[in-house]
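Please look over the sequence and the structure shown below before reading on. The report that follows takes up the whole chain, then some of its parts.

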Amino acid sequence: MKYIVLFGPPGSGKGTQSENIIEKYGYGHISTGDVLRAEMQNNTELGKTAKDFIEKGQLVPDSLIIDMLAKTLDGFKTAKGIIFDGFPRTTAQAVALKEMLKARGGDVSVMINLIVSEKELVERLLNRGKTSGRSDDNLETIQKRIDTYNNQTAPVIDYYKGEGKLANIEGIGTIAAIFEKICEKIEAV
Ligand code: ADP
């Protein structure tokens, strides 16, 4: 089973490219952002806690995310592969993921890192905010999310570099051209 980590700052195209990967390879998809938004919609305890962090542009605490991920992962036992979208977002989450996959006899196959300039990210997210209905797609929260990414999430790149799993991809260009580069990385592992 291939385990693909799709990584990048907010607005880098993880969600869009995840859809392409699912369509082409039939992999299971785990988006921690989507799971959290569903929890918020259903007004669960986790959703209520998460909302405060998300609207401030902060990360939801690792312990909550790791528990949530473990439960979600169990639903994908028969998948050919799994895409992790928006997870791991801290080195502690990356270490937890390694342990969870080890317990299933696996490991991350490749970490695909989408590289996009900050200026482009802000533009894309502001644009998305016009239609997404997401309470975190506004200028103030976008800027905090990018700071959070730089401070807490970017170090995950070094973690996967150390594991020999890092694959950098320029996330600027057409969606189709970027997807082609992603496919090459997925097929090489
Ligand atoms: P984006 O990539 O556009 O920031 P996501 O939908 O992946 O959007 O995540 C939205 C928010 O949900 C994040 O800003 C963060 O607050 C929270 N979140 C999502 N995934 C995680 C995670 N793995 N760890 C902590 N918080 C998370």
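## Charges and surface

How many positive and how many negative side chains does the protein have, and how far apart do the centres of the two sets lie? In this model, which is predicted, there are 25 positive and 26 negative side chains, and the centres of these two sets lie 2 Å apart.

Of the 189 residues in the protein, 44% are buried.

## Overall build

The secondary structure of the protein consists of 9 helices and 5 strands, and, when followed from the N terminus, these elements run in the order β-α-β-α-α-α-β-α-β-α-α-α-β-α. Taken along the principal axes, the C-alpha atoms fill a box of roughly 40 × 40 × 30 Å.

The radius of gyration of the protein is 16 Å, which agrees with a compact globule, because a globule of 189 residues would have a value near 16 Å. When the contacts between residues at least 6 apart in sequence are considered, 76% of them join residues at least 24 apart.

## Strand E1 and its partners

Strand E1, which covers residues 2-7, is mostly covered, since 5 of its 6 residues are buried. With strand E3 (residues 81-85) it runs parallel, and 5 bridges join the two strands; at one place in this pairing, Lys 2 stands opposite Gly 81 of E3.

E1 also pairs with strand E4 (residues 110-115), again in the parallel sense, and this pairing is made over 4 bridges. Here the bridge partner of Phe 7 is Asn 113, which belongs to E4.

His 29 lies in strand E2, made up of residues 28-31, and it counts as partly exposed because its relative accessibility is 23%. Leaving aside neighbours within four places in sequence, His 29 is in contact with Ser 18, Ile 22, Asp 34, Phe 76, Ile 83 and Asp 85. Gly 15 is 14 residues away from His 29 along the chain, and the C-alpha atoms of the two are separated by 9.9 Å.

Ala 50 is found in helix H3, which spans residues 45-55. Is Ala 50 buried or exposed? Its relative accessibility is 0%, and a residue under 20% is called buried, so Ala 50 counts as buried. Not counting residues up to four places away in sequence, Ala 50 touches Leu 36 and Val 60. The C-alpha atoms of Ala 50 and Thr 131, which are 81 residues apart along the chain, are separated by 22 Å.

## Two backbone details

Most residues other than glycine have a negative phi, and most peptide bonds are trans. Asn 43, a residue other than glycine, has a positive phi, with a value near 55°. This residue is found in the loop between helix H2 (32-41) and H3, and Asn 43 is exposed because its relative accessible area is 53%.

Which two residues are joined by a cis peptide bond? The bond is the one between Phe 87 and Pro 88, where omega is about -5°. As for its place in the chain, Pro 88 is in the loop between E3 and helix H5 (91-103).

Definitions and conventions
Residues are numbered from 1 along each chain as its sequence is written. This is a predicted model: local features need pLDDT of at least 70, side-chain atom pairs count only at pLDDT 80 or more; totals for chains, interfaces and linings use all residues. Side-chain values use heavy atoms; hydrogens and water are left out. The radius of gyration is taken over C-alpha atoms; the globule rule is 2.2 Å times the number of residues to the power 0.38. Buried means under 20% relative accessible area, exposed over 50%, partly exposed in between (1.4 Å probe, protein chains only). Contact means heavy atoms within 4.5 Å. Lys and Arg count as positive and Asp and Glu as negative; His and the chain ends are not counted. The place of a charge is taken as NZ of Lys, CZ of Arg, CG of Asp or CD of Glu. Two strands pair if DSSP finds at least two bridges between them.
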